[in-house]
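Please examine the chain displayed below before reading on.

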Amino acid sequence: MLAPFFEQSLFDGGSVVRNLLTAFQAGSSVLQGQNGFFQPRVPTPLPWLATGPAQASWYDTAPLKSTLERLCDFDRINARETRDSMRVSVGAVNVATGNFVYFDNRREKLRAEHFMASGALPPAFAPVEIDGQYYWDGGLVSNTPLAEVLSATPRRNTLAFQVDLWSARGAVPDSLDAVAERVKDIQYSSRTRMVTDTLQREQRYRRLLRELLAAMPSAPNDEPPGIRAARELACDKHYNVVHLIYQKQDFDHECKDFEFGATTMQNHWAAGLADIRKTLANQAWLQLPDNGSGFVTHDIHRAG
């Protein structure tokens, strides 16, 4: 570990030194793990030796469980006193079935294990057991439950901030290191625009359906089941999705999914803070849309 002042001085010392520091921090993570997060298994697992699902990984995440239980107020997370209580939804993949699932505090009590499962990326981390089933990182399928949030019922006017740590857009790689990084960008990006394009089309159809039903004579007592089902699908709500997508830095490499050096994290946080400040400065972006579809997206990195 480097002293914080010395590490920051190296990080500010130019691109060559910064890249060397990043490589050093990544190597440290591989060899020593991350304090309060994960640690190497000792002895190192043999790839062909069966150890059981909970040990089938290069690292042990027991420190993460302790960290979550120390820092997170699960009583507050699981509180359901009012209609407007905080909603928390995390995604994971059932290892046995391959199905994507959401753990949601409106349906069940969330524990540290649910959050650990949502970040259990193999083969570095082992699947997490929850109620007799094993789960891996939901990022294997989708990193963010945007579709779950926007499709929730009863439907409400919604302003959603979508945070992506990986950008689906990027340069064509010209080196093996860049290839490995670009693969991760594509694999882990939340496919945000694909999801929002699909939901925008669906919302346009729901609004058209509502207009058609409004033009029909009302006879609720004699309506056939198909018409009643159509009324349940129809919707005139408004949705505004604001994208906050991390943009690649010159010191980012293919190790960025496990490189958590202090200076790197501070740079990420500063980038996020700058993005949200620029976004919030556009007051019109925070309003519900009045277009025909009732759905709009915004992104400062694609504005104009």
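Pro43 is located in the loop that runs between strands β1 (39-40) and β2 (59-60); helices (H or I, at least four residues) and strands (E, at least two) are DSSP runs, numbered from the N terminus. The peptide bond that joins Val42 to Pro43 is cis, with omega at about 0°. A further cis peptide bond leads from Thr153 to Pro154, where omega is near -5°. Pro154 belongs to the loop between α6 (146-150) and β7 (158-164).

This is a predicted model, in which local features need pLDDT of at least 70 and side-chain atom pairs count only at pLDDT 80 or more, while totals for chains, interfaces and linings use all residues. Residues are numbered from 1 along each chain as its sequence is written, and side-chain values use heavy atoms, with hydrogens and water left out.

Another loop, between β5 and β6 (133-137), holds Asp131. Although Asp131 is not a glycine, its phi is positive, at about 50°. Most residues other than glycine have a negative phi, and most peptide bonds are trans. Asp131 is exposed, with a relative accessible area of 67%; buried means under 20% relative accessible area, exposed over 50%, and partly exposed in between (1.4 Å probe, protein chains only).

The chain as a whole has 10 helices and 9 strands. Its C-alpha atoms fill a box of roughly 75 × 50 × 40 Å along the principal axes. Of its 304 residues, 37% count as buried. Among contacts (heavy atoms within 4.5 Å) with a separation of 6 or more, 65% come from residues 24 or more positions apart.

What does the interior contain? The largest nonpolar core has 19 residues, and those with the most contacts inside it are Phe103, Ala117, Val128, Ile130 and Tyr135. A nonpolar core is a set of buried Ala, Val, Leu, Ile, Met, Phe, Trp, Tyr and Cys residues joined through side-chain atoms within 4.5 Å. Two or more residues of this core come from each of α3 (62-71), α4 (74-77), β3, α5 (112-117) and β5 (128-130). With 3 residues, α5 gives the most. In soluble globular proteins, nonpolar side chains tend to be buried together.

Tyr135 shows how such a residue is surrounded: beyond its neighbours within four places in sequence, its contacts include Ala92, Val101, Phe103, Ala117, Val128 and Ile130. A second, separate core of 9 residues includes Leu199, Cys235, Tyr239 and Phe295.

Val90 lies in strand β3 (residues 89-94). Val90 is buried, its relative accessible area being 12%. When residues up to four places away in sequence are not counted, Val90 touches Val101, Tyr102, Phe103, His114, Phe115 and Ser118. The C-alpha atom of Val90 is separated by 22 Å from that of Thr297, which stands 207 residues apart from it along the chain.

How many disulfides are found in the whole structure? The search finds 0, where a disulfide is a pair of cysteine sulfur atoms within 2.5 Å. Cys235 has 5% relative accessibility and therefore counts as buried, whereas Cys72, at 30%, counts as partly exposed.

Charged side chains complete the picture. The chain has 32 positive and 35 negative side chains, and the centres of the two sets lie 6 Å apart. Lys and Arg count as positive and Asp and Glu as negative, with His and the chain ends not counted; each charge is placed at NZ of Lys, CZ of Arg, CG of Asp or CD of Glu.
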